[in-house]
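Here's a quick briefing to read with the model open in your viewer.

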Amino acid sequence: MKKILCILLAFTAIFCGCENTKGFLNKRINIEKLEPLKTTFSGEITIKIKDEQFKATIDFNKASSETLIYTYPESISGLTITKTQGESKLTYLGLSYKAQNNFMPQNFVLEIIDSVIEILSDKTLYKVKLIDSGIFYTSNDKENGFELLRNAENMNIISINIPNSNILITFDTYESS
């Protein structure tokens, strides 16, 4: 009787297939049909650059303007960077400075997010795989590449990592529209 049950079980597994029931992977997410990254969102982020840590709020709208307001460390709290098409404005303690986007290093977080969104618009420039913590994107550019992690349930951004620059942007809160 045991032999017959084992044989039936083996045939069932062979002909019906086995399903991964671990975590969210059992939902059979079709990587080819993933919704694109939103280009309008807001939230709170943590920025780690080597051993330094910063916190900021972000209001990102690729079509019009992008704003980053630093909230930590206390010494730069309130530093605001607003980026529009072709121009960035830095405001701090009542003073403001305008420059072309490529001449203001303070807006690097906004530039990184812009670049990631741009790369993700062309499926030949990155790879995607499912991992236990979400949907993991890696750019094909090994020298200047990025790693993006999204929540598989709601498709929100969890983090953006730039390994060669030792920069990690983590989204503590994220709301998209």
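Strands S4 (residues 80-84) and S5 (residues 87-92) run antiparallel and are joined by 5 bridges. Within that pairing, Ile81 has Leu90 of S5 as its bridge partner. Keep in mind that this is a predicted model.

**The sheet**

- Strands S4 and S5 belong to an open sheet of 11 strands, ordered S6-S5-S4-S3-S2-S1-S11-S10-S9-S8-S7, and the pairing is antiparallel.
- At the edges sit strand S6 (95-100) and strand S7 (126-131), each of which pairs on one side only.
- Going from one strand to the next, the twist averages 20°.

**The whole protein**

- The protein has 2 helices and 11 strands.
- In sequence order, the pattern reads α-β-β-β-β-β-β-α-β-β-β-β-β.
- The protein has 177 residues, and 33% of them count as buried.
- If you take contacts between residues at least 6 apart in sequence, 35% of them join residues at least 24 apart.

**Leu90, on strand S5**

- Leu90 is found in strand S5, where it is the bridge partner of Ile81.
- Is Leu90 buried or exposed? Leu90 counts as buried because its relative accessibility is 16%, and the cut-off for buried is under 20%.
- Leu90 and Gln106 are 16 residues apart along the chain, and their C-alpha atoms are separated by 8.1 Å.

- Glu66 has a relative accessible area of 4%, so it goes down as buried.
- What does Glu66 touch, leaving aside neighbours within four places in sequence? Its contacts are Asp59, Phe60, Asn61, Ile81, Thr82, Lys83, Leu110 and Asp114.
- Tyr70 is buried too, with a relative accessible area of 5%.
- With neighbours within four places in sequence left out, the contacts of Tyr70 include Ile47, Phe54, Lys55 and Ala56. Also among them are Ile76, Ser77, Gly78, Leu79 and Ile81, plus Gln106, Phe108 and Val109.
- Ile81, the bridge partner of Leu90, therefore turns up in the contacts of Glu66 and in those of Tyr70, two residues that are both buried.

**Ser159, on strand S10**

- Ser159 has its place in strand S10 (residues 157-162).
- Ser159 counts as buried because its relative accessibility comes to 13%.
- Not counting residues up to four places away in sequence, Ser159 touches Glu147, Leu148, Leu149, Leu168, Ile169 and Thr170.

**The largest pocket**

- The largest pocket holds about 200 Å³ of space.
- Its lining is made up of 14 residues, and Ser115, Asn144, Gly145, Phe146 and Ile162 are the ones that lie nearest the centre.
- Which element gives the most to the lining of the largest pocket? That's helix H2 (residues 108-120), with 5 residues.

Technical notes
Residues are numbered from 1 along each chain as its sequence is written. This is a predicted model: local features need pLDDT of at least 70, side-chain atom pairs count only at pLDDT 80 or more; totals for chains, interfaces and linings use all residues. Side-chain values use heavy atoms; hydrogens and water are left out. Buried means under 20% relative accessible area, exposed over 50%, partly exposed in between (1.4 Å probe, protein chains only). Contact means heavy atoms within 4.5 Å. Helices (H or I, at least four residues) and strands (E, at least two) are DSSP runs, numbered from the N terminus. On a 1 Å grid over the protein atoms alone, a cavity is a set of points where a 1.4 Å probe fits but cannot get out, and a pocket is an open set with protein on both sides within 12 Å along at least five of seven lines; lining residues have an atom within 4 Å of a point. Grid points are joined across faces, edges and corners, and a volume is the space filled by probe spheres set on the points. Two strands pair if DSSP finds at least two bridges between them. Axes are lines fitted to C-alpha atoms, for helices over the stretch in contact, and angles run from 0 to 180 degrees between N-to-C directions.
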